[in-house]
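Thank you all for coming; I would like to walk you through one structure today, and I will take it piece by piece. Please have a look at the sequence and the model first.

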Amino acid sequence: KNWLGINCSDDEMRVIPFPKFETGFHVSLKCMQAGAIVGYFGSRLHLGYHKIIKKSGSYAKLTPQQFLEKSCKTSRNFMFIGLAFSIPMVLAHGYQGKID
C-alpha cells in the first residue's frame with residue numbers, strides 16, 4: 001500500500017512520481033506513531049508508579065482527569081521527539097540515491 005492506502009502491484013509502485021517523498025513521509029509518520037505510543041504508555045507506567053507505589057506528593061494528588069492530561073501531553077511531546085529522530089533517518093536514506 002502507498003500512504004493513501006491504495007493497493008499497488010510492484011510494477012505500479014516503481015512508477016510512483018515522488019518515491020523519496022513517499023518513503024520519507026512513511027518513515028516520519030511511523031517514527032511519530034512510535035514516539036506517541038512510547039510516550040503514552042511510558043508516562044502511564046511512570047505516573048502510575050509514582051502515584052500508587054511511591055505515593056509521591058504531587059503525583060498522589062492527581063485526579064483521573066489530570067492523570068490522563070499528563071499522559072496525553074507526554075505522548076504529544078514524544079511524538080515530536082519521534083519526528084525529530086525521523087529527520088536524520090530520512091536524510092540519510094535520501095543520500096543513498098536509490099529507493100527499492
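This is a predicted model: local features need pLDDT of at least 70, side-chain atom pairs count only at pLDDT 80 or more; totals for chains, interfaces and linings use all residues.

**Contacts between helices**

Let me begin with Ser-75, whose side chain reaches the backbone oxygen of Ala-36 at 3.0 Å. Residues are numbered from 1 along each chain as its sequence is written, and side-chain values use heavy atoms, with hydrogens and water left out.

Ser-75 lies in helix α4, where helices are DSSP runs of H or I with at least four residues, numbered from the N terminus. Ser-75 counts as buried because its relative accessibility is 13%; buried here means under 20% relative accessible area, exposed means over 50%, and partly exposed is in between, with a 1.4 Å probe and protein chains only.

Is Ser-86 buried or exposed? Ser-86 counts as buried, because its relative accessibility is 0%.

**Helix α2**

Helix α2 covers residues 19-53, which is 35 residues, and it reaches 50 Å from its first C-alpha to its last, close to the 51 Å expected at 1.5 Å a residue; the expected span is 1.5 Å times one less than the number of residues.

Gly-35, which is found in α2, counts as buried because its relative accessibility is 10%. Gly-35 and Leu-83 are 48 residues apart in sequence, and yet their C-alpha atoms are 8.1 Å apart in space. His-50, also in helix α2, is buried because its relative accessible area is 14%, and its C-alpha is separated by 42 Å from that of Glu-22, which is 28 residues away along the chain. After α2 comes Lys-55, whose phi is positive, near 50 degrees.

Glu-22 also gives us a reference point for Leu-4, which is found in the segment before α1: the two are 18 residues apart in sequence and 9.9 Å apart in space, C-alpha to C-alpha. Leu-4 is exposed, because its relative accessible area is 59%.

**The nonpolar patch**

What forms the nonpolar patch on the surface? Val-38, Phe-78, Ile-81 and Phe-85 form it, with about 390 Å² of accessible area together. Accessible areas come from the Shrake-Rupley method with a 1.4 Å probe, and for residues only the protein chains shown count as cover. Patches are made of residues with over 30% relative accessible area and no salt bridge, with like charges joined within 9 Å and nonpolar side chains (Val, Leu, Ile, Met, Phe, Trp, Tyr) within 5 Å; a salt bridge is a side-chain nitrogen of Lys or Arg within 4 Å of a carboxyl oxygen of Asp or Glu.

Helix α4, residues 64-94, gives the most to this patch, with 3 residues. Phe-85 is found in helix α4 and counts as exposed, because its relative accessibility is 57%.

**Cysteines**

I will finish with the cysteines. The structure holds 0 disulfides, a disulfide being a pair of cysteine sulfur atoms within 2.5 Å. Cys-31 counts as buried because its relative accessibility is 15%, whereas Cys-72 counts as partly exposed at 40%. Cys-8, in the segment before α1 (10-14), counts as partly exposed at 28% relative accessibility, and its C-alpha is separated by 53 Å from that of Lys-61, 53 residues away along the chain.

Note on methods. Helices (H or I, at least four residues) and strands (E, at least two) are DSSP runs, numbered from the N terminus. A polar contact is a pair of N or O atoms within 3.5 Å; within protein, one must be able to donate a hydrogen and the other to accept it, and residues adjacent in sequence count only if both atoms are side-chain atoms.
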